[in-house]
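Trainee: I would like a close look at one part of this model. Please take the aromatic side chains and what surrounds them, in one connected answer.

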Amino acid sequence: MTEQTERSLAEQPPDTERPPDTERLPPAAPGEAAERGGGAGHTPGPATGQTPGQATANAPVLPHATPPPLTAPRPLGEPRTWPRDFTHRLTAPLPGVRALARIAREGKLRPPPETLAEIQQLPFEPGPMPAADTTTLAVTWAGHASWIIRIGGLTVLTDPVWSRKILGTPARVTPVGVRWEDLPPVDAVVISHNHYDHLDAPTLKRLPRHTPLLLPAGMAPWARRRGFTRVTDLDWWEAVELPAPGGPVRVDFVPAHHWSKRTLTDTCRSLWGGWLLTAPDGRRIHFAGDTGYGHWFEEIGRRYPGIDLALLPIGAYDPRWMLRPVHTDPEEAVKACQDLGARALAPMHWSTFLLSGEPPLEPLHRIRAAWAATGRPRADLWDLPVGASRVLAVR
C-alpha cells in the first residue's frame, strides 16, 4: 500500500470496509486471459425471483431480432436471493499476475507530471440549478459520475460522491459542482456498482435512511447494514417505478462492460451496470455508470428506442492495454452514443479524480474532435463544466 493510500485511509470517516490494493484494476486484455483460469465460463444457478432466460442475460442478441417487451416493474424493496457471484457476466477476464506486474513496473496510472498544470484549466462553473416542475427533465453535473437528475418532479442522484477524497486515490482536482446544502430533497439514488469512486459510504451517510436506493443485484445487504430501509437491487433488464408528482418514473437496470470489487474477498459478488430513466412523458436518459465499449450499447438502444440523452464516461482510459475492457475512451463514447441511438451525449467520469495516465484536459479535446467527425449538431454534445446544468427540451 502506498503512503498516499495510507494517508487517504486515515482521513476517511470510519467504515468497516478495507479497500483492496487492486480495487480499481479492470479485466485484462485478451492476452492475459490464460493467467486467470476459469471464471468467465462459469454460470451459477438463477436467482430466486428471476424471470426466465436471465441465466443467459450476458449472451449477445442478433441485432435485427425483435426486441423483447419490457419487463413489468418489480416491487420496491423486494427481498431477493442472488447467486454467490456474477463472474459469468464479465465481458473480459480479470487481470492476472503478469498484468499487475506490468502496471506496477510501468507506473502509468497517473498523468505525466508536465501535464498537471492543465488542472487549472479544467472547466468548473457552478451555478444555480434550473427551476424544475413535474414536466422538467434536467441534469446537473456534480463531477465524476455524480449527476443530479430532475425528472417527473423527482430529484435523483447517480453514484453520488461528495467526498474530497476516496479510498486509494488522490484528492479530487475540482470541487463538487453543487454544495450538499444546496441540493433539493433527494427522492432516490441509483448506484452503478460498488467501486469506491462510485459507491461512497461517507456521502450516502448524509442521506436520510428512508431515501430509496436502487442498486445492482447483490448489493442490498450492504445498504441495509447501514440502516437504509428502502433498498431495491435489480438484475439486468429489470425495472421499478418511482411514484412521482408528474406520474410514475420508470427506472431500468441495464448491462455495462465492467466488474465489481470492494474488499479483498468480494470480487464480482455483486452486479454492475447502468440505469435507464424514463420520464412520464416518455423522454429517456441513459446513465452508463462505469463501462468499457462493447455490444451492450446496441442492445440497450434496441430495447429502449428513443433515448434522448446518454451520460457516458470519457476518462480513466490510459493505458489502453489495461483499461480498454472497462473504460471507454472519448472516441468509444461517441460510438456508444450512436449505438444507443441517443440524440445527445453528456460526457462524465473525467475532470474530477485523476485515475489514469491521460493528461487532464485530453478527454475534452478528444470528445469534441470525435463528435465533430460524426457531423452531428454541436449543440447535441453537452460537454458541461463541473457544476453546470442543462434542461432537455420537450419532444
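Mentor: Arg 102 has its charged end over the ring of Trp 321, 3.8 Å from the ring centre. Arg 262 does likewise with Tyr 196: it lies over the face of the ring, at 3.9 Å from the centre. A charge sits over a ring if NZ of Lys or CZ of Arg is within 6 Å of the ring centre and within 35 degrees of the ring normal.

A word on the basis. This is a predicted model, where local features need pLDDT of at least 70 and side-chain atom pairs count only at pLDDT 80 or more, while totals for chains, interfaces and linings use all residues. Residues are numbered from 1 along each chain as its sequence is written, and side-chain values use heavy atoms, with hydrogens and water left out.

Now the ring pairs. The structure holds ten aromatic pairs. Rings of Phe, Tyr and Trp (its six-membered ring) pair if their centres lie within 6.5 Å; planes under 30 degrees apart count as stacked, over 60 as edge-to-face and the rest as tilted. One of the pairs is Trp 236 with Trp 296, which is edge-to-face, at 5.4 Å centre to centre and 65° between the planes. This pair links distant parts of the chain, 60 residues apart. Trp 236 sits in the loop between strand S6 (231-234) and strand S7 (239-242), and Trp 296 in helix H6 (residues 296-303). Helices (H or I, at least four residues) and strands (E, at least two) are DSSP runs, numbered from the N terminus.

Buried means under 20% relative accessible area, exposed over 50%, partly exposed in between (1.4 Å probe, protein chains only).

Take another pair, Phe 253 and Trp 275. Their ring centres are 4.7 Å apart and their planes meet at 45°, so the pair is tilted. Phe 253 lies in strand S8 (residues 249-254) and Trp 275 in strand S9 (residues 274-278), 22 residues apart. Both Phe 253 and Trp 275 are buried.

Back to Trp 296. Together with Trp 236, Trp 237, Trp 272 and Tyr 304, Trp 296 forms one aromatic cluster. Its helix, H6, is mostly covered, with seven of its eight residues buried.

Lys 261 lies in the loop between S8 and S9. Lys 261 counts as buried because its relative accessibility is 7%. Asn 194 is 67 residues from Lys 261 in sequence, yet 6.4 Å away in space, C-alpha to C-alpha.

Buried residues make up 59% of the 395 residues. Among contacts (heavy atoms within 4.5 Å) between residues at least 6 apart in sequence, 73% join residues at least 24 apart. The links described above, from Trp 236 to Trp 296, are 60 residues apart.
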